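This briefing goes with the sequence and structure shown below. The points are grouped by topic.

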Amino acid sequence: MLGHSYPCCQTATGFRTGLGIKITAMSSENEPKNPRILCLHGFRTSGRILQALVGKWPETILRNLDLDFLDGPFPATGKSDVERFFDPPYYEWYQASKGFREYRNFEECLAYVENYMIKNGPFDGLLGFSQGAFLSAAIPGMQEKGTALTKVPKVKFLVIISGAKIPGLMFGQPKAAVGAFSSPVRCPSLHFIGERDFLKTENEVLAESFVEPVVIRHSGGHTIPKLETKAEEETVLRFFQRIRQILSDESSSSVRSLM
């Protein structure tokens with residue numbers, strides 16, 4: 001059974017304090033804790049849109065996850081590609097020039113995400129789609145380098161859908177993310193790669209930057225797959241079973257250290 005809560009949002013000088021849409025799965029006291037996941041939407045979409053799409057995943061997966069869908073900090077500065085399918089408002093995480101040589105509001109975006117995690121966490125992992133996946137994928141490396149999200153616990157796992165390394169990294173931008181992939185990322189990761197995704201090659205390169213990534217290849221494009229095949233569903237279930245065990249082991253270790 002799923003529970004939903006819809007916190008209010010406020011605005012100040014164009015910088016949003018955050019709208020979170022929570023889907024909280026119920027678990028018994030004897031079961032390992034459900035992973036708490038902060039979900040970051042794609043470019044010029046919203047947390048509510050991502051929630052609607054991820055919400056089409058099988059109940060066998062969703063019932064064991066606690067999902068929190070956050071809106072980006074900045075209202076969309078242009079046309080959204082999803083206008084035919086979803087109503088506004090739409091948001092962005094940050095902005096970049098056409099050649100990806102200049103980035104705006106990237107540090108502000110990191111501060112916004114960190115502040116939300118402080119107030120509403122702790123979170124165990126991140127799920128990101130498209131621009132949200134670019135950001136999510138870089139966060140473990142930035143935390144390791146001490147350039148971002150240093151006030152919250154390190155991310156323990158990632159779910160990356162239609163992701164890539166932030167394009168500007170080839171030009172040394174944005175500065176906070178430089179070095180995020182300088183060494184193999186030792187963070188458990190699940191990657192969804194569409195055969196018809198215009199970012200397919202970039203998806204593959206990103207997955208190769210992680211140690212032992214779990215990869216699901218689907219026949220779609222730049223989209224969130226519905227996990228309609230049994231093989232896809234079982235792969236996702238195995239990944240989260242592993243994550244639940246990691247979290248359970250960490251919890252047991254913490255309890256023993258206090259005894």
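**Briefing on the predicted model**

The structure, a predicted model, holds zero disulfides.

**Cysteines**

**Overall make-up**

- The protein chain contains six helices and 14 strands.
- Of its 259 residues, 50% are buried.
- Among contacts between residues at least 6 apart in sequence, 72% join residues at least 24 apart.
- The accessible surface of the protein chain is about 12,700 Å², and carbon and sulfur atoms account for 52% of that area.

**Nonpolar cores**

- In soluble globular proteins, nonpolar side chains tend to be buried together.
- The largest nonpolar core has 39 residues, and the members that touch the most other members are L38, W93, F106, V113, L135 and M142.
- At least two residues of this core come from each of β5 (36–40), α3 (106–120), α4 (131–145) and β12 (157–161).
- V113 is in contact with L38, W93, L135 and L149, once its neighbours within four places in sequence are left aside.

**Surface patch**

- F100, M170 and F171 make a nonpolar surface patch of about 310 Å².
- F100 sits in the loop between β9 (95–96) and β10 (103–104).
- The relative accessibility of F100 is 35%, so F100 counts as partly exposed, a class that runs between 20% and 50%.

**Cis peptide bonds**

- Most residues other than glycine have a negative phi, and most peptide bonds are trans.
- The bond that joins P88 and P89 is cis, with omega about 10°.
- P89 belongs to the loop between β7 (74–75) and β8 (91–92).
- A cis peptide bond also joins Q173 and P174, where omega is about -10°.
- P174 is found in the loop between β12 and β13 (189–194).

- R44, a residue other than glycine, has a positive phi near 55°.
- R44 is placed in the loop between β5 and α1 (47–54).
- Is R44 buried or exposed? R44 is buried, because its relative accessible area of 16% falls under the 20% limit.
- L227 is a residue other than glycine with a positive phi, near 60°.
- The loop between β14 (214–218) and α6 (230–258) holds L227.
- L227 has a relative accessibility of 3% and so counts as buried.

Technical notes. Residues numbered from 1 in each chain as written. Predicted model: local features only at pLDDT ≥ 70, side-chain atom pairs only at ≥ 80, totals over all residues. Heavy atoms only, no water. Disulfide = S-S within 2.5 Å. Core = buried A, V, L, I, M, F, W, Y, C linked by side-chain atoms within 4.5 Å. Buried < 20%, exposed > 50% of the residue type's maximum accessible area, 1.4 Å probe, protein only. Helix = DSSP H or I, 4+ residues; strand = E, 2+ residues; numbered from the N terminus. Contact = heavy atoms within 4.5 Å. Patch = residues over 30% accessible without salt bridge, like charges linked within 9 Å, V, L, I, M, F, W, Y side chains within 5 Å. Areas by Shrake-Rupley, 256 points an atom, 1.4 Å probe, with all protein chains shown as cover. Salt bridge = Lys/Arg side-chain N within 4 Å of Asp/Glu carboxyl O.
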